[in-house]
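Please keep the sequence and the three-dimensional view at hand while reading.

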Amino acid sequence: MRLPALPTLAFAAACLAAATPLAAQRLEPGRTSDACDYRTCAYNLVPRGLGLAVVKGEAEAHVATLGFLWTRDISAVFDGEAAPAARAAVRTRRWAAVFTDLGLALLVAGAASAATDDLDQTAAAMMLGGAASVGVSVPLQFLADKHLARAVWRHNVRYAEGSR
């Protein structure tokens, strides 16, 4: 079995390095005060290009982003009963990101190898492994979204109880 060329490995390494946390995933401290109501302090989820943004109130002020390729710990913007679900979302998303990033790197490396040396067994194996890794990551990404939605719901419960 022939190993991929050095430029192919360098390109794959560059792809993995590009998947580091982005500035858009930075946390904004978001503890709520007693003066908050649902319209101003309830959280919502808004899909973004590289993740799910947690936004606050009608103005949709950015609170945090749970990134797809890698994420920072956003659980600090949740407290009480919402915090464990937020931690589960981060933990699950990080596992999903490992599979996503590895899969994308393998797909790119396999495609680059196939483009330079024709499609051989090694390139095909890398691309199949990459596709399988991305396939494993999809249900994990959805599970992370479910945990985050639960954290948002638990965060918002306090405002629903105050309006009764």
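Two strands pair if DSSP finds at least two bridges between them. Helices (H or I, at least four residues) and strands (E, at least two residues) are DSSP runs, numbered from the N terminus. The model is predicted: local features need pLDDT of at least 70, side-chain atom pairs count only at pLDDT 80 or more, and totals for chains, interfaces and linings use all residues. Residues are numbered from 1 along each chain as its sequence is written, and side-chain values use heavy atoms, with hydrogens and water left out.

**The sheet**

- An open sheet is formed by 3 strands in the order β1-β2-β3, with antiparallel pairing.
- The edges are taken by β1 and β3, each with a single partner strand, so one side of each has no neighbour in the sheet.
- On average, and with direction ignored, neighbouring strands of this sheet are turned by 30° against each other; the axes behind such angles are lines fitted to C-alpha atoms, for helices over the stretch in contact, and angles run from 0 to 180 degrees between N-to-C directions.
- In a regular strand, side chains alternate between the two faces of the sheet.

**The strand pairs**

- Strand β1 (residues 43-48) pairs with β2 in the antiparallel sense over 6 bridges, and the two form a hairpin with 2 residues between them.
- Within this pair, Leu45 has Val54 of β2 as its bridge partner, while the partner of Asn44 in β2 is Val55.
- Strand β3 (residues 61-67) runs antiparallel to β2 and is joined to β2 by 6 bridges.
- Ala53 has Thr65 of β3 as its bridge partner.
- The hairpin of β2 and β3 has 4 residues between the strands, and Gly57 in the turn has a positive phi of about 70°.

**Buried and exposed positions**

- A residue is called buried under 20% relative accessible area, exposed over 50%, and partly exposed in between (1.4 Å probe, protein chains only).
- Strand β2 (residues 51-56) is largely enclosed by the rest of the structure, because 5 of its 6 residues are buried.
- Pro47 belongs to strand β1 and is exposed, with a relative accessible area of 64%.
- The C-alpha atoms of Pro47 and Leu66 are 9.8 Å apart in space, although 19 residues separate them in sequence.
- Ser113 is placed in helix α3 (residues 82-117) and is buried, with a relative accessible area of 3%.

**The nonpolar core**

- A nonpolar core is a set of buried Ala, Val, Leu, Ile, Met, Phe, Trp, Tyr and Cys residues joined through side-chain atoms within 4.5 Å.
- The largest such core has 18 residues, and those with the most contacts inside it are Tyr43, Val54, Leu66, Ile74, Phe78 and Leu148.
- At least two residues of this core come from each of β2, β3, α3 and α4, and α3 gives the most, with 5 residues.
- Apart from residues up to four places away in sequence, Val54 has contacts (heavy atoms within 4.5 Å) that include Tyr43, Ile74, Phe78 and Leu148.

**Ser137 in helix α4**

- Ser137 lies in helix α4 (residues 121-162) and is buried, with a relative accessible area of 2%.
- Leaving aside neighbours within four places in sequence, Ser137 is in contact with Ala96, Phe99 and Thr100.
- The C-alpha atoms of Ser137 and Val98 are separated by 8.0 Å, and the two residues are 39 residues apart along the chain.
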